[in-house]
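Biologist: Got the model open next to the sequence. Can you walk me through it?

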Amino acid sequence: MYYIGVDLGTSALKTLLMDSEGKVVSIVSREYPLEFPHPGWSQQRPEDWKKAVFECIPELTQGIDRSKVAGLGVGGQMHGLVVLDENDEVIRPAILWNDGRTAKETDYLNNEIGKAQLSAWTGNIAFAGFTAPKLLWMRANEPENFKKIKKIMLPKDYIVYVLTGVHSTDVSDASGMLLMDVKNRRWSKPMLDLCGITEEQMPKLYESYEPVGTLKPGAAKALGLPAGVVVCAGAGDNAAAAVGTGTVGEGRCNISIGTSGTVFISSCNFRVDSHNALHAFAHADGTYHLMGCMLSAGSCSKWWMDDILGSSDYASLESPITDDKLGRSHVYFLPYLMGERSPHNDPAARGTLIGMTMDTTRADMTQAVLEGVAFGIRDSVEVAKSLGISIPRSKICGGGAKSPLWRKMFANILNIEIDTIASEEGPGLGGAMLAAVACGEYKNVEEIAAKMVKVKKTIVPDPEIAARYEEQYQKFVSIYPTVKPLFPKIG
């Protein structure tokens with residue numbers, strides 16, 4: 001049998017066809033536009049996502065026996081607000097995760113309602129990208145549109161609705177709305193009341209691997225697929241990607257170094273740290289996870305190499321950084337080029353190079369930039385460890401993980417084994433795997449992950465280098481609190 005995974009990204013939709021053994025048969029994608037109607041605003045038209053789905057899937061399944069397509073799962077960009085009227089028509093363009101219009105509403109939630117109260121209700125505090133602040137903004141600024149709302153959905157849930165006619169969401173994606181009681185996997189009535197909405201306006205909550213329905217006859221015909229294709233609830237992009245990397249079960253960890261950086265730690269129990277430094281979300285495998293998000297990770301390396309040094313030959317710029325230099329530099333870099341999310345939640349934070357002397361070289365500063373990102377990821381890992389989670393190893397993925405030097409730094413700075421995996425297909429693969437569980441091909445998410453996710457290479461920390469980095473990290477953690485008061489002053 002075959003399974004389709006859909007990755008609804010911010011710039012493009014990517015579809016993937018997987019067979020029962022986990023082999024990726026084909027991949028097809030389509031780009032679509034972003035709208036920036038005002039500075040700091042970011043939105044998209046759900047109709048463009050729908051168009052991309054109906055263009056990609058027929059092409060994706062060319063050349064196979066389409067009667068053997070059994071299931072479909074969607075992993076998608078989180079936090080976006082999609083609102084439908086009484087006729088299930090889209091009321092306004094979707095307000096996306098990276099939209100910054102809700103600063104006033106976010107401050108109101110965190111400072112007037114209070115972080116402690118929000119955490120008690122939802123397990124999390126407010127961020128500008130979350131869905132609840134968007135609803136408050138819409139109620140204040142677009143009251144006529146707000147009155148029309150019959151259903152509130154997340155981006156990937158709109159695709160599931162188009163395919164099945166069911167208003168659904170899954171617990172992993174819903175965790176990022178600030179409208180869900182994450183610990184108890186249900187909507188938070190106090191938060192719904194605060195936002196002026198009812199539970200009837202919310203979609204039904206499912207586990208990510210649960211079947212939501214099957215393809216509507218019209219959708220099946222347009223896609224060229226059987227009407228019996230099972231559509232599962234799917235997952236938020238980070239949770240879906242975690243399934244695709246096998247980050248399920250207690251204490252499993254995945255580090256993703258893309259433009260931004262994430263550390264995703266799966267946990268059988270619900271845990272919240274005292275400062276809400278990490279997001280506490282439900283996981284797509286039926287358990288929970290903690291997630292730290294760095295706003296600048298791979299983008300720090302790209303900024304330094306491309307814009308400052310003016311070279312795209314990253315390997316040659318990294319080549320002078322030999323093992324004997326690791327953990328011995330006196331130059332440090334705070335990787336906060338766009339402010340920081342986890343664990344500091346400080347939009348005023350800025351990138352900072354400190355410790356240079358007359359003998360500091362270009363290679364020293366390159367090393368500091370790479371190490372600064374790894375130290376920043378360790379900050380989030382330390383929060384998780386403080387909650388009693390043991391993290392003996394981690395997978396690593398994303399563009400930054402292609403650097404052997406950077407992988408070695410991560411292994412020694414975190415002092416854990418770092419695994420790279422054979423197939424790195426992100427949320428699309430995770431969506432297809434969830435669909436296979438929904439169809440009964442596998443009994444649960446852990447079983448399919450154990451079968452399909454293969455480790456390609458393991459980097460083992462060197463005890464001497466790890467010990468040197470331990471000393472360096474203790475110095476690194478003292479820099480941000482020292483310079484923090486300066487950031488608002490320098491703008």
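Biologist: What is the strand order in the open sheet of seven strands?
Modeller: This is a predicted model, and in it the order runs β18-β19-β17-β16-β22-β23-β24, with mixed pairing.

Biologist: Which are the edge strands?
Modeller: β18 (279–282) and β24 (455–459), each of which pairs on one side only.

Biologist: And what does the twist average from one strand to the next?
Modeller: The average is 25°.

Biologist: Let's stay on β18. Are its faces covered or open?
Modeller: Both are covered. H279 and F281 are on one side, A280 and A282 are on the other, and all of them are buried.

Biologist: How many bridges join β18 to β19?
Modeller: Four, and the two strands run antiparallel. As an example, H279 has M291 as its bridge partner in β19.

Biologist: What about the hairpin of those two, which residue takes a positive phi there?
Modeller: That's G286, with phi near 100°. The hairpin of β18 and β19 has five residues between the strands.

Biologist: How does β19 pair with β17?
Modeller: Antiparallel again: residues 261–267 of β17 and residues 288–294 of β19 pair over seven bridges. S267 has Y288 as its bridge partner in β19.

Biologist: Which residue lies over the face of Y288?
Modeller: R185 does, at 4.8 Å from the ring centre. There's another arrangement of that sort at W41, where the charged end of R101 sits over the ring, 3.7 Å from its centre.

Biologist: Since we're on rings, how many aromatic pairs does the structure hold?
Modeller: It holds 13. One of them is W303 with W304, a tilted pair at 5.9 Å centre to centre with 50° between the planes.

Biologist: Is W304 buried or exposed?
Modeller: W304 is buried, because its relative accessible area is 5%, under the 20% cut-off. W303 comes out as partly exposed, with 26%.

Biologist: What sort of pair do Y336 and Y480 form?
Modeller: An edge-to-face one, at 5.8 Å centre to centre and 85° between the planes.

Biologist: Why does that pair tie together parts that are apart in sequence?
Modeller: Because Y336 lies in the loop between β20 (332–334) and β21 (352–354), while Y480 is in helix α16 (residues 463–483), so the parts it ties together are 144 residues apart in sequence. Both Y336 and Y480 are buried.

Biologist: Which residues do ring pairs link into a cluster?
Modeller: F375, Y469, Y473 and F476.

Biologist: Switching to helices. How many residues of α5 are buried?
Modeller: Ten of its ten, so helix α5 (residues 155–164) is mostly covered. Among the buried ones are K156 and D157, along with I159, V160 and L163.

Biologist: What follows α5?
Modeller: G165, and its phi is positive, near 80°.

Biologist: Last one: where is Q62 found?
Modeller: In the loop between α1 (46–60) and β5 (69–76).

Biologist: Why does Q62 count as exposed?
Modeller: Because its relative accessible area is 57%, and exposed means over 50%.

Biologist: And how far is the C-alpha atom of Q62 from that of S26?
Modeller: The two C-alpha atoms are separated by 9.3 Å, with Q62 and S26 36 residues apart along the chain.

Methods
Residues are numbered from 1 along each chain as its sequence is written. This is a predicted model: local features need pLDDT of at least 70, side-chain atom pairs count only at pLDDT 80 or more; totals for chains, interfaces and linings use all residues. Side-chain values use heavy atoms; hydrogens and water are left out. Rings of Phe, Tyr and Trp (its six-membered ring) pair if their centres lie within 6.5 Å; planes under 30 degrees apart count as stacked, over 60 as edge-to-face and the rest as tilted. Buried means under 20% relative accessible area, exposed over 50%, partly exposed in between (1.4 Å probe, protein chains only). A charge sits over a ring if NZ of Lys or CZ of Arg is within 6 Å of the ring centre and within 35 degrees of the ring normal. Two strands pair if DSSP finds at least two bridges between them. Axes are lines fitted to C-alpha atoms, for helices over the stretch in contact, and angles run from 0 to 180 degrees between N-to-C directions.
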